[in-house]
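Colleague: I would like to go through the terms used for this model and see what each one rests on. Please put the values beside the cut-offs.

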Amino acid sequence: MELSYTVAVLIIPVFMFLFLGIVGVKLSKKTAGILGTVAMGVTTIIAYAAALTYFFGTDQGQVIDGVRQQLTVLDLTWLEFTKNLVIKIGVLLDPISAMMLIVISTVSFMVHLYSLGYMDGERGFQRYYAFLSLFTFSMLGLVLATNIFQMYIFWELVGVSSYLLIGFYYTLPAAVSASKKAFIVTRFADLGFLIGILILSFYTDTFDFMSLTTDPQAAISTAGGATFLGCSVMTWALTLIFMGGAGKSAMFPLHIWLPDAMEGPTPVSALIHAATMVVAGVYLVARLFPLYAVDATALDIITVVGAFTAFYAAAVACVQSDIKRVLAFSTISQIAFMITSLGVASPELHHGVGYMASMFHLFTHAMFKALLFLCAGAIIHAVHSNEMSAMGGLRKYMPICHIAFLIGCLAIAGIPPFAGFFSKDEILVAAYANSPLWGVWMSVVAGMTAFYMFRLYYKIFWWNNPDYGHHTPHEAPMTMTFPLIFLGLVSIVAGFIPFGEFVTWNREEYVIHLDWTVAGTSIVIALIGIALATVMYRKENNIPERLADRFRGLWTAAYHRFYMDELYQFITHKIIFARISKPIAWFDRRIIDGTMDLLANVTNSASFAVRRMQSGSVQTYVWFYIVGAVAVAAITIICLI
Amino acid sequence: MLGGLALCKNMKQVRTVATVGASALMVLAIYLVIAFLGERAAGNDAEMLFTQGAMTWFEPLNIELALGVDGISVVMIVLSAFIVFAGVFASWKMDPLPKEFFMWFCLLSTGVFGFFISIDMFTMFMFYEVALIPMYLLIGVWGSGNKMYSAMKLTLMLMGGSAFLMLGILGIYYHSAPEGGQLTMNILEIAQNNAVPHSWQYFLFPMTFVGFGVLGAMFPFHTWSPDGHASAPTAVSMLHAGVLMKLGGYGCFRIAIFLMPFAANELAWIFLTLTGISVVYGAFSACVQTDLKYINAYSSVSHCGMVLFAILMLNTTAMTGAVLQMLSHGLMTALFFALIGMIYGRTHTRDIRKMGGLMQIMPFLGVGYVIAGLASLGLPGLSGFVAEMTIFVGSFQHADMFHRVFTIVACCSIVITAVYILRVVGKLLFGAVQDEHHKTLTDAEWHERLSTVTLILAVAAIGCFPNFFSSIITEAAEPIMKLFA
Amino acid sequence: MFGCGVYGFITRRNMIAILISLELMLNAVDINFAVFNRFLFPGQMEGMFFSLFAIGLAAAETALAIAIVINVYRAARNVDIRQLTKMKF
Amino acid sequence: MDYSQFLYMPQELGLLVVFLLVFLFDTFGPKRSQSSLPVLTAVLFGIFTVCNGFMLMRGTAFSGMFESTAATYVMKVILNIGVLIVLIQSIKWANSEEMAIRRGEFYELLLLTVFGMYLMISARHFLLFVIGLETASLPLAALVAFHKKRYESHEAAAKYLFTAVFSSAIFLMGLSFVYGLFGSLYFEDIAYQVMNNTSAMLVVALAFVIAGIGFKLSLVPFHLWTADVYQGAPTPVTSYLSVISKGAAAFAFMVVLVQVFGAAYSKIWEWMLYAIIVLTITLGNLFAIRQRNIKRFLAFSSISQAGYIMLGVIGGNEIGLASLMFYVLVYIFSNLAAFGVAFAIEQQSGKVSIDDYNGLYKTNPWLSFTMMLAMFSLAGIPPFAGFFSKFFIFASALECGEMSIYILVLIALINTIISLYYYLLVVKAMFISPDECGIERFRSSCGERVAMIVCTFGIILTGIVSCIYTFLVEAAQDGTTMFGLLG
């Protein structure tokens, strides 16, 4: 197959990972970094080639009757469970995976480049690049997966590389616990994913995406009317699989790991926790969308979870003071947009526009959120702090960064012609098409998005002019600014890509036409949000404080992220550790072990008890002797009678 | 043709030069695999290969010195060879009485190898006990901590298990042939006769299963494991957790399930419940331990519970998973114990509260530990994932709702595993250095590296190319599981 | 008579007395044999012979026992059997 | 009288020749060369043992009172091996100053008891049986008292003698009932009449007979003399008592129960024996746990071992008999090895407590190695012979396939764990425990070493070399009709 070179996008990073991981220590830091970046550059080129060939190549029968075909480029058997249940490692090219290829390789390459400057001089630089390669490998493997189990495999690998990267500064307790938390929470979600896979494969007897999605109705019907606790097993399976996605994509209530994950190096946050890994959940649902499409219950669950998370995260983002946390909550909120969009994307409604919108938003969001994070990284690099209070008036010191950040904010707020406007608009269209409730809800959230992003923007670049002392912030080096510029440009133009031509739920073409009522409203709402932020945060003033005082309770709750972390803390420490593990350990030591020891002790004391028999006196001996003999006889006689 | 006995003989002669012995063993084991695959490729599809022309040993009881291997025993032998090899290097500087140590160590390995190649219940049982008793001295003499108590407890509990086992074996023997037929100890013949009356199976199945289950650390007979492992010297912990506990699982299916399919089917639910409890219970217990070896021991309880759990699912996939899990757990737990031993050898404590930031001081060991941890919590690309997934998928294929629900319960353990592994890794390796004295410690030496790398490579090999192993195992598991079709 | 012997063995303190009790028991056996032979199986002599042998055995036992009792007396200066409890438990 | 019938008892005659030679040498031999008596005895007995291998004669003598079969012959050979080991072991001891003037008696009495055992084994009439039994036990009382200067020795002798006489009185009482019931003391005659007889008298008779022989075997509750006597007696005598006389009694016990009262098996004595076995094994073990004196410890361990041996009887079949003999053989090696070590240490340092063995491995590795083998073998750990003997004896017990026997075997098996515990305590003392006031390094005497080496090889090889067991099974099956009558 012509596209088989796509495999190279998997092989190069994994090779780099092993290479840098094993011999990296011996290389100089510079060599390691450059090697990693170059390798990533090659990967990017190949990925682009593959994606573009897929989208624009005409001669391979890729498009039949206006439907883009899914191409399985490679499928190697990796592990055979039964005749039909086989894990294969392969490469599946279809619109969404090709799109993801572009997203991942672009952002990853930018981050590699950026890190050359950002991570300069850090301890374990080689290790950092090794992990980045590992991540890229796993993420690409995830999107190119041909079957659900391959996806699960890479899903786990992605989780681990995220764990390793979050915990990169392993001497800091905060980083360690954040990485642990991230891993465990996603692991918990993955449990759902795994069980979902088990159920799904049990009833459909296949892991393969192609066979699962080509005829979803058949797959569902093989499950028959099997139900479990009132719901059909398929709903269970799909919901559980979504749970996996929700964990990775930080949906409420499994979102708690993401803000903490910001303890990792900022480029990592940009790559993993903004652009790529966190959208894996969206991707998962999109991948299995044909199945979800026939199960209204599962879709409803997705919608509700998505919509609630979007609102919740936006609300929290409004009051955070750590810039990376704001961005993290904004990410959660945006991903929730995508999820909601998928949830409302029933094919019957408006040609399933939500699916396309979701993917579109995924694409644009990856670009501008990566941009925002990289900007934030540059800022943090300059002021050595994550806290807003340590910033202000930075526009004079870091002009490029300022512009780039502004572009990002505008994009996320949904101001035309920036990328976010187009994709978000489609989402709102889809939401309104589903029900006005969701439409209004999502519009409000969009407004909040504009508000908190501009709050952030003003707090960083305007607000006041603190005294930076002798340590004046300055613009970042070229390796860091270039990615900013590049991504900024992408964020501006990406919205004009005719996305509907490439990615739709049934892989047929769909022409986007702006629905100006919706678009208009959303622009207005966004502008209101921006205006509000401008009023409150452009110059240093006390409005925010007064407001905060006014709604003290609400503010504190939001600031503490509505105590979700504490709740988890409570569950894990007080319930799981103290109420389950400790008692079990106690039970083990005292009861089970105790029983064993007791057996020994009883034997011992029995031994002590019987020693009286051995009195040393011949007469006692004989007494026992005769009694024994007579007793044996007597008992036997009694038994005989 | 490579008879398995050659392995043992070879071991014994070279006991003092343990390295040569272990390496030779490994070469032989690998040669065995190649020969085995060669035979299979040549179209020899007998159930057991390389059957030594069954030599009658004790004629009155029709005990034979019957040896042979199928896919499952082949992989187990390879596993053992690897761990023995690594164990020898891990105990390079054994002191005092190195000669005796290696002598007992070799006896232990002899028992293990003998067990895996026997297809006669008597020889199997004999090797089983041969493998057990050196443990007492190995722990008692070279162990640490509360070693006498642990050694005694371990030996007595395991011997208690073997008491049930002996009764079970004799019971099977006396029902091994239809009325008037020639009684036999040969497992294959018994399986062929399939003559054990159902009523007796109800009695004998629990006997044998519990007998082996004790060694497989089945709840509630697992308490020897934490104490024993905690007190044992490194190489012994490695071999014990790595191989000896597998004897339990191997025996469970080779004798209990293979010979008494009826009772296996009928009584599976009882033992499933117990093993299911082991899986979750072990994991929870591991969460709150503070001694590295205890953590690992409880984790072994959990993982080995998984082995027995899968065996009881009575289908080929789960069975394959069980054997993979034995392999995987064997290797990674050996790796764990090796690393713990090395760390303990330096810091002289195993209390995770007293250590921290070791990654900075001994990066090699730290990385090794992380890899072992990741293998344990089932990272794809390492062996744990392959094994657990095979088990889960296989178990979930069971037609019975009860089994499937239990599978889900067992699945939960992967989360708990992640919790305790990350807890340890976080406290032990990451963070700030807790004890100033630790800063001067050195990283691994060459023999320690060799031992660690061998195991890591093996773990990764299974993780990356599972189908190679799984096809060998599946093909061996199929004839056994045909009994339940 | 046998019962008497057993009773005597258990209750007497003097070793010689115990020896006498033992003799009683053995004699009871002899009489038993003789009587069974005489009344139940008059046609043969097996029981009688047995009695004779038993008497011989009893004599040997007594001789040996006396020797040992003397030894014990030398060592312990008394013949009280209840003092013979140095080794116990 | 047909003197050719003596040809059927070549072993007894051979033994008598040895006895006479020893006696003559002791009495008339030159005074200076008296110290070579022990060696001479050992050599003579060794020659006799070897010759024994070619002296199998099947047949009966004395109008059926005496019978020689392959089984009895083999049993005697087994005993010979044990006696030979004891003889070799005691060479140095017999030449010690204290023993110098009495060694002749020691050997004569010893050989006499062996003769008694031979009679007991081959007896087919209770008269001969009783004579054998008494010949085997009375001289032992004298042997027990052999330490003239030790008070314990006398106390032990007194205890032994009184209990022994008491038990023989009980046994004879039982026999008189048997005679009263059946009018004959020939085994065959009795065996045919026992069928369907469940009278109370038979039960009492059986109980008394079991008690009488159970005394020799030290089965619970007829065992209480054992520990005291073992402790008090000179160590060679103790080892002799614990293995040889016990082995002979075990065989005789099986013959009496199975051959004579076989027909009453399931009705009467199966259950008696059942209870006795459970009691013996369990109590023996419980007593053994707390012992610190090595000889007392071995005494109690030998009690529980006797319980295991009885499992061969309860099976009541050829395999059972063979397993019993095999068990005795293995037991001879294991226990004599243990006693050999204990004896060597006692000789050297006078220490008899297990606590004194702490750290023995550091100073005397070979002694502790032998001791460890013995302990493992007694505990039934493969690949040592004890494992095989235990396995076979359990196998033979289970052959009848009754559930109750399965339970019995289970109890026995659980008891092996307890026994393993205390055997391991000894091993622990030697290998693991630190030595505070350890025993110094010493070289044991030549005789002791030879004996220990023989035992060590016996422990290692007896099990693995399967032809021994096969041979025993063939011997047990040879020419015996004793198992056909089991009812």
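Colleague: How many residues of chain B are in contact with chain A?

Modeller: The model is predicted. In it, 42 residues of chain B are in contact with 38 residues of chain A. A contact here asks for C-beta atoms within 7 Å.

Colleague: Which helix gives the most to the side of chain B that touches chain A?

Modeller: That is α17(B), with 9 residues. Several helices of chain B supply at least two residues each, among them α6 (147–174), α11 (261–287) and α19 (466–481). By class, this side has 26 nonpolar, 15 polar and 1 charged residues.

Colleague: Of the pairs of chains in contact, which share the most contacts?

Modeller: Chains A and B do, out of 5 pairs in contact. For chains A and C, 10 residues of chain A are in contact with 11 residues of chain C. The side of chain A that touches chain C has 4 nonpolar, 5 polar and 1 charged residues.

Colleague: How do you know that no contact joins chain B and chain C?

Modeller: The closest C-alpha atoms of chains B and C lie 25 Å apart, while a contact needs C-beta atoms within 7 Å. No contact joins these two chains.

Colleague: Why are α9(B) and α12(B) called oblique to each other?

Modeller: The axes of α9 (residues 224–231) and α12 (residues 292–311) of chain B cross at roughly 140°. Roughly antiparallel would need over 145 degrees, and roughly perpendicular 65 to 115. The pair is therefore oblique.

Colleague: What is the handedness of this crossing, and which residues meet?

Modeller: The crossing of α9(B) and α12(B) is right-handed. From α9(B) come B:Ser225, B:Pro226, B:His229 and B:Ala230, which meet residues of α12(B) including B:Tyr294, B:Ala297 and B:Val301. By class, this contact has 6 nonpolar, 4 polar and 1 charged residues. The axes come within 8 Å.

Colleague: How many residues has the largest nonpolar core, and which have the most contacts inside it?

Modeller: The largest nonpolar core has 697 residues, and those with the most contacts inside it are A:Ala370, D:Val144, D:Leu206 and D:Met325. Leaving aside neighbours within four places in sequence, A:Ala370 is in contact with A:Val107, A:Met110, A:Ala270, A:Ala274, A:Ala275 and A:Leu487.

Colleague: What percentage of chain B counts as buried?

Modeller: Of the 485 residues of chain B, 70% count as buried. The cut-off for that label is 20 or more other C-beta atoms within 10 Å. Chain B has 19 helices and 2 strands.

Conventions
Residues numbered from 1 in each chain as written. Chains lettered and ligands numbered in written order. Predicted model: local features only at pLDDT ≥ 70, side-chain atom pairs only at ≥ 80, totals over all residues. Axes fitted to C-alpha atoms, helices over the stretch in contact; angles between N-to-C directions. Helix = DSSP H or I, 4+ residues; strand = E, 2+ residues; numbered from the N terminus. Parallel < 35°, antiparallel > 145°, perpendicular 65-115°, else oblique. Left-handed = near helix turned anticlockwise from the far one by under 90°. Nonpolar A, V, L, I, M, F, W, Y, C, P; charged D, E, K, R; others polar. Core = buried A, V, L, I, M, F, W, Y, C linked by C-beta atoms within 7 Å. Buried ≥ 20, exposed ≤ 12 C-beta atoms within 10 Å, placed from the backbone.
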